[in-house]
Amino acid sequence: MPNRNESLHNFDPETLRIPWLAAGGFHRRYTASSLTEHLHPDGFELTFVFSGAVRWVLGNGVSLHHPAGTLGVIQRNVPHHGGDDVIAPCGLFWLLIKSGHFQRPFFSPEEAETLRTIFENAGNVVTDGSEFFVVVLKQLMRLLQAPDAGEVSVRARFLLHTLLLEAAASLRQAQRRQERRRLDAYRMERIKEALAADLKRKIRLAELAGQHKMTPVELTRRFVRYEKLTPAEFRMRARLEAAARSLRETPELPVGELAFRLGFSSSQHFSNVFKRYYRISPRAYRTQAGAANDSPQTGIIFRSGY
């Protein structure tokens with residue numbers, strides 16, 4: 001029985017006649033309550049926090065922070081409990097969903113497979129809920145206070161299906177954002193490899209951007225966000241670090257020859273740029289490295305224009 005510190009409303013799946021719904025409801029807790037480790041063998045759990053915040057701790061120790069306005073998914077048979085074995089004061093909407101029961105007349109076989117894939121691929125995750133999800137959820141909460149049970153059953157079934165589809169859309173958007181981030185990271189690593197290769201050759205940014213289906217402006221913007229340097233700055237740093245290695249490891253190589261091999265227009269240009277970056281001339285660097293068998297600290301922030 002609910003006490004004065006909580007307000008509960010649980011759904012009756014048999015009354016609602018929703019094949020995919022194993023259980024669900026609204027919980028509004030005004031004080032922290034015990035929530036020890038448990039799991040759900042009947043399906044995955046979909047939660048939405050509409051006030052306060054929740055922290056789930058999974059059986060493997062991973063912690064999921066679940067603030068107001070976010071959706072959470074915990075997969076079937078995954079042990080989890082509240083942080084410190086309690087659930088904090090919060091407003092929580094939850095559904096226990098049997099993904100193998102997405103079926104006609106509610107979903108076509110293709111739609112059922114798409115939904116199942118989205119929810120299973122989501123893993124154990126917390127992501128932003130949409131504004132539309134909140135609107136529908138408020139309608140459902142108001143509806144459950146209505147006296148006409150027959151009308152409630154029909155409309156609640158419709159609203160619960162809408163919430164399920166909207167949750168799937170939010171999760172798919174989150175998955176796509178993650179896929180884009182992974183693709184961006186892969187592209188940036190390939191671009192870094194290209195920028196750090198064949199340091200004598202002049203690289204045309206437009207050509208490099210075209211190889212990765214981006215404009216030069218887009219490539220530069222993404223690269224700066226990823227690496228905190230422009231492509232030109234990154235390549236210059238790679239050239240200077242290669243120069244420092246050569247100065248340490250090949251003391252017999254003339255500085256002018258080293259400058260030529262790394263694509264500098266002259267030994268004087270190379271010396272000026274090297275000194276701005278390392279705060280020491282190439283020759284002094286080589287002497288110091290030979291004497292101490294160590295490289296000096298680069299205590300200057302790398303800037304454009306080298």
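Reply: Let's begin with a term we need: a nonpolar core is a set of buried Ala, Val, Leu, Ile, Met, Phe, Trp, Tyr and Cys residues joined through side-chain atoms within 4.5 Å. Please keep in mind that this is a predicted model.

The largest nonpolar core here has 35 residues. Those with the most contacts inside this core are Phe 11, Trp 20, Phe 93, Leu 140 and Leu 160. Strands and helices both contribute: β2 (21-29), β4 (44-58), β6 (70-74), β9 (90-97), α2 (109-122), α3 (131-143) and α4 (149-195) each give two or more residues. Of these, α4 gives the most, with eight residues.

Now zoom in on Phe 11. Setting aside neighbours within four places in sequence, Phe 11 is in contact with Leu 16, Leu 21, Gly 24, Gly 25, Phe 26, Phe 93, Trp 94, Leu 95, Leu 140, Leu 144 and Leu 160. Another core, of 21 residues, lies apart from the largest one, and its members include Leu 199, Val 255, Ile 280 and Tyr 285.

Which strands does β4 pair with? β4 runs antiparallel to β9, and eight bridges join the two. Along that pairing, Phe 44 stands opposite Ile 97 in β9. β4 also pairs with β6 in the antiparallel sense, over four bridges, and there Thr 47 stands opposite Gly 72. Further partners follow as you move along the strand. Five bridges join β4 to β5 (residues 63-67), again antiparallel, with Pro 67 as the bridge partner of Ala 53. β4 and β5 form a hairpin with four residues between them; in its turn, Gly 61 has a positive phi of about 95 degrees. Finally, β4 and β7 pair in the antiparallel sense over three bridges, where Leu 58 has His 80 as its bridge partner.

A pair of aromatic rings is described by the distance of the centres and the angle of the planes. The count for the model comes to 17 aromatic pairs. In one of them, the rings of Phe 26 and Phe 50 have their centres 6.5 Å apart and their planes at 65 degrees, so this pair is edge-to-face. Phe 26 is in strand β2 and Phe 50 in strand β4, 24 residues apart, and the pair links distant parts of the chain.

A second pair is formed by Phe 48 and Phe 133, which are 4.9 Å apart centre to centre, with 40 degrees between the planes, a tilted arrangement. Because Phe 48 lies in strand β4 and Phe 133 in helix α3, the pair ties together parts that are 85 residues apart in sequence. Phe 48 counts as buried at 2% relative accessibility, and Phe 133 counts as buried at 1%.

To bring the picture together, Phe 11, Phe 26, Phe 48, Phe 50, Phe 93 and Phe 133 form one aromatic cluster. You have met two of its members already: Phe 11 and Phe 93 are among the residues with the most contacts inside the largest core.

Definitions and conventions: Residues are numbered from 1 along each chain as its sequence is written. This is a predicted model: local features need pLDDT of at least 70, side-chain atom pairs count only at pLDDT 80 or more; totals for chains, interfaces and linings use all residues. Side-chain values use heavy atoms; hydrogens and water are left out. Buried means under 20% relative accessible area, exposed over 50%, partly exposed in between (1.4 Å probe, protein chains only). Contact means heavy atoms within 4.5 Å. Two strands pair if DSSP finds at least two bridges between them. Rings of Phe, Tyr and Trp (its six-membered ring) pair if their centres lie within 6.5 Å; planes under 30 degrees apart count as stacked, over 60 as edge-to-face and the rest as tilted.
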